[in-house]
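Student: I would like to learn how to read a protein structure. Please take me through one feature at a time.

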Amino acid sequence: MFKKMFAVLCAAMLCGMTYSAEAIVNDRRPVLVGFSYLQQTEITKAMVDGAKDAAKKLKAKLIIRDGRGDAEIQMAQIHDLIAQETGCVVAVFDDIAANGRVTESGKNTGTPIVLVEGRQSSPKAARDAAYKAVEEAWNKVKAKAVKPSFYNGY
């Protein structure tokens, strides 16, 4: 009898040691989205409204930066958003040459950057474009793997 109980105990211990458990991680942290545009116009006002609506729906935090009409100020603000470790950046550009510099700096830091064409035909199209860009950026952040808080296994 004692031998049978000892064998069952040993088997249970062996199973327990070989069992590996992984944490199921449900990432509920809010995503910090940086939103940058060159200058305030009717189109960019509609874009900001669309970005705010998307951030509200996705429960993300939105940081908005106005370039005040100077492309160099906008570039500096985007680099600042990246340095602040925002989850992602949505940049509204009219200048194609600046797009490459922004994209390159985002790749170097691992920050997803979504570019939006600043020359939209109507405020509704601009609002929709910004809404979709914030959703796309948010999805890129959420697609990154999250490290579990614990891992037990061999």
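Student: What does the accessible surface of the chain come to, and what percentage of that surface belongs to carbon and sulfur atoms?

Tutor: This is a predicted model, so every value is computed from predicted positions. The accessible surface of the chain comes to about 9,900 Å². Carbon and sulfur atoms account for 57% of that surface.

Student: How many helices and strands are there in the chain, and what pattern does the chain follow?

Tutor: The chain has five helices and six strands. Along the sequence they follow the pattern α-β-β-α-β-α-β-α-β-α-β.

Student: Which residues touch the most other members in the largest nonpolar core?

Tutor: The general idea comes before the case. In soluble globular proteins, nonpolar side chains tend to be buried together. Here the largest nonpolar core has 27 residues, and those touching the most other members are Val31, Val33, Phe35, Met47, Val90, Val116 and Val134. At least two core residues come from each of strand 2 (32-37), helix 2 (42-58), strand 4 (88-93), strand 5 (113-117) and helix 5 (123-143). Helix 5 gives the most, with nine residues. There is also a second, separate core of 10 residues, including Ile78, Leu81, Ile82 and Ile113.

Student: What is Val90 in contact with, leaving aside neighbours within four places in sequence?

Tutor: Val90 is in contact with Val33, Gly34, Phe35, Ser36, Val114, Val116, Ala133, Val134 and Ala137.

Student: How is an aromatic pair described?

Tutor: A pair of aromatic rings is described by the distance of the centres and the angle of the planes. This structure holds one aromatic pair. The ring centres of Phe35 and Tyr37 are 6.4 Å apart and the planes are at 50°, so the pair is tilted. Phe35 and Tyr37 are both buried.

Student: Is Gln74 buried or exposed?

Tutor: Burial is judged by relative accessible area, and under 20% means buried. Gln74 has 1% relative accessibility, so Gln74 counts as buried. Gln74 is found in helix 3 (residues 71-83). Not counting residues up to four places away in sequence, Gln74 touches Ser36, Tyr37, Leu38, Gly67, Val92 and Phe93.

Student: Is Met1 buried or exposed?

Tutor: For exposed, the relative accessible area must be over 50%. Met1 has 75%, so Met1 is exposed. Met1 lies in the segment before helix 1 (2-18). Together with Phe2, Met5 and Phe6, Met1 makes a nonpolar surface patch of about 560 Å².

Technical notes
Residues are numbered from 1 along each chain as its sequence is written. This is a predicted model: local features need pLDDT of at least 70, side-chain atom pairs count only at pLDDT 80 or more; totals for chains, interfaces and linings use all residues. Side-chain values use heavy atoms; hydrogens and water are left out. A nonpolar core is a set of buried Ala, Val, Leu, Ile, Met, Phe, Trp, Tyr and Cys residues joined through side-chain atoms within 4.5 Å. Buried means under 20% relative accessible area, exposed over 50%, partly exposed in between (1.4 Å probe, protein chains only). Helices (H or I, at least four residues) and strands (E, at least two) are DSSP runs, numbered from the N terminus. Contact means heavy atoms within 4.5 Å. Rings of Phe, Tyr and Trp (its six-membered ring) pair if their centres lie within 6.5 Å; planes under 30 degrees apart count as stacked, over 60 as edge-to-face and the rest as tilted. Patches are made of residues with over 30% relative accessible area and no salt bridge: like charges are joined within 9 Å, nonpolar side chains (Val, Leu, Ile, Met, Phe, Trp, Tyr) within 5 Å. Accessible areas come from the Shrake-Rupley method with a 1.4 Å probe; for residues, only the protein chains shown count as cover. A salt bridge is a side-chain nitrogen of Lys or Arg within 4 Å of a carboxyl oxygen of Asp or Glu.
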